[in-house]
Amino acid sequence: MERELARLPKGEQITGTPTADIRKRCFTLFKAEYKDTYSTILETWKEAKELENMGGTLAQRQQVFDKSKKNLNHMFTALSKAHGFEGAYLLAGRVVNQDGGLGHVFMTPGAEQFFATRCRAGDDEIIGHFKVHIYNMVSLQAVEEVFEAPKTDGVDDEVEVHGPWPSTDIVTEEHGQRWCSSKLFPWKQMLRRLAASELVLVNWPEGVMFPGEERASRTMPKGISDLTRAECSKLLAALNDTEDTRLHIRSKAALISSEEPVIIGAAPPHDSNKSRGKHMFCNLKTDRLG
């Protein structure tokens, strides 16, 4: 408070509790001093105050939850009355072993029966579905942290992998290449390195993103880190396969000119809408002529 009062003109003495007018003048001077960043400063201060209430006992979490839902209910109701903005929201805790009793659903008058009509679920049921969704997301995030895919910085895309990669050993032992080992698995540069070494990667598993491709749903592609768990499982299975369908390396010429594919995909499954396997060339072009 003293710091804010110091913004007032010199010689102006404030005794006791500042009046609403004094507070308003201090806030105006504060905005004038930080005209470009004052809103960010206030948001940061608000977040810091909220962080002070994180954790705590069950009773403290219940108190924070009740206070939060009361404020949200009031805000939604005020918006509905003043501006005709209707809304509905669900609120629940994400700490599985503490927040079992924390669940709330609210709808403004114009949105009443929304969940019952559109989701075919009453208040208790929709809260239950919501909690299940939250707990599932928490579980998936915990698993992802344990089995987090290696990240690349876009410059050196040779990422360290853990586990057996028999097909990568073939590149070193049978074809005399040093750019692929049992610990390093190139990704973004794989096409050019295969082409420069006159090698072909055969039986790339169907449904797995090719090296060099970008996930369409990603605004900032991360290379090998964009592979889903299902794709990683398929790739590992193909690398460890011992049959003719295994992912393997084959020597071949005329690859740099993109006359021959650098990667030959495996045949699609019988129930696929694709009739032939996928090819990928050094220039990043693909076809379905496998």
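Visitor: What is the accessible surface of the protein chain, and what share of that surface belongs to carbon and sulfur atoms?
Guide: The accessible surface of the protein chain comes to about 19,400 Å², and 53% of it belongs to carbon and sulfur atoms. Keep in mind that this is a predicted model.

Visitor: How many helices and strands does the protein chain have, and how many of its 290 residues count as buried, in percent?
Guide: The protein chain has nine helices and nine strands. Of its 290 residues, 30% count as buried. As for contacts with a separation of 6 or more, 52% are between residues 24 or more positions apart.

Visitor: Why is Asn73 called buried?
Guide: Buried means under 20% relative accessible area. Asn73 has 18%, so the label applies. Asn73 is in helix 4, which covers residues 58–83. Leaving aside residues up to four places away in sequence, Asn73 touches Tyr89, His104 and Phe106.

Visitor: Why is Leu79 called partly exposed?
Guide: Partly exposed lies between the 20% limit for buried and the 50% limit for exposed. With a relative accessible area of 33%, Leu79 falls in that range and therefore counts as partly exposed. Leu79 is also in helix 4.

Visitor: What makes up the nonpolar surface patch that includes Leu79?
Guide: Met75, Leu79 and Phe85 make that patch, which is about 280 Å².

Visitor: How many salt bridges does the structure hold?
Guide: The structure holds three salt bridges. Side chains of opposite charge can pair when their charged atoms come close.

Visitor: What makes Arg61 and Asp99 a salt bridge?
Guide: The criterion is a side-chain nitrogen of Lys or Arg within 4 Å of a carboxyl oxygen of Asp or Glu. The closest N and O atoms of Arg61 and Asp99 are 2.7 Å apart, and the pair forms a salt bridge. This pair links distant parts of the chain: Arg61 is in helix 4, and Asp99 is in the loop between strand 1 (88–92) and strand 2 (103–107), 38 residues apart. Asp99 has 0% relative accessibility and therefore counts as buried.

Visitor: How do you know that Lys69 and Asp66 are separated by about one helical turn?
Guide: Lys69 and Asp66 are three residues apart in helix 4, so about one helical turn separates them. Their side chains meet in a salt bridge at 3.8 Å, N to O, and the cut-off is 4 Å. Lys69 is partly exposed at 23% relative accessibility, and Asp66 is partly exposed at 32%.

Visitor: What is the N to O value for the salt bridge of Glu206 and Arg288?
Guide: The side chains of Glu206 and Arg288 meet at 3.1 Å, N to O. The pair links distant parts of the chain, 82 residues apart: Glu206 is in the loop between strand 5 and helix 9 (229–240), Arg288 in the segment after strand 9. Arg288 counts as partly exposed because its relative accessibility is 29%.

Visitor: How do you know that the span of helix 2 agrees with its number of residues?
Guide: Helix 2 (residues 20–33) has 14 residues, and at 1.5 Å a residue these should span 20 Å; the end C-alpha atoms are 20 Å apart, so the two agree. In helix 2, Ile22, Cys26 and Phe30 are buried. Seen down the axis of helix 2, its buried residues fall within an arc of 75°, so they line one face of the helix. On the other side of helix 2, Ala20, Lys24 and Ala32 are exposed.

Visitor: Why are the buried residues of helix 9 said to line one face of the helix?
Guide: The buried residues of helix 9 are Glu231, Leu235, Ala238 and Leu239. Seen down the helix axis, they fall within an arc of 100°, so they line one face.

Visitor: What is the phi of Asn203, and what is that of Leu284?
Guide: Asn203, which is not a glycine, has a positive phi of about 70°. The phi of Leu284 is near 75°, also positive. Most residues other than glycine have a negative phi. Asn203 is in strand 5 (residues 199–204), and Leu284 is in the loop between strand 8 (279–280) and strand 9 (286–287).

Definitions and conventions
Residues numbered from 1 in each chain as written. Predicted model: local features only at pLDDT ≥ 70, side-chain atom pairs only at ≥ 80, totals over all residues. Heavy atoms only, no water. Helix = DSSP H or I, 4+ residues; strand = E, 2+ residues; numbered from the N terminus. Buried < 20%, exposed > 50% of the residue type's maximum accessible area, 1.4 Å probe, protein only. Contact = heavy atoms within 4.5 Å. Patch = residues over 30% accessible without salt bridge, like charges linked within 9 Å, V, L, I, M, F, W, Y side chains within 5 Å. Areas by Shrake-Rupley, 256 points an atom, 1.4 Å probe, with all protein chains shown as cover. Expected span 1.5 Å × (residues − 1). Arc of directions from axis to C-beta.
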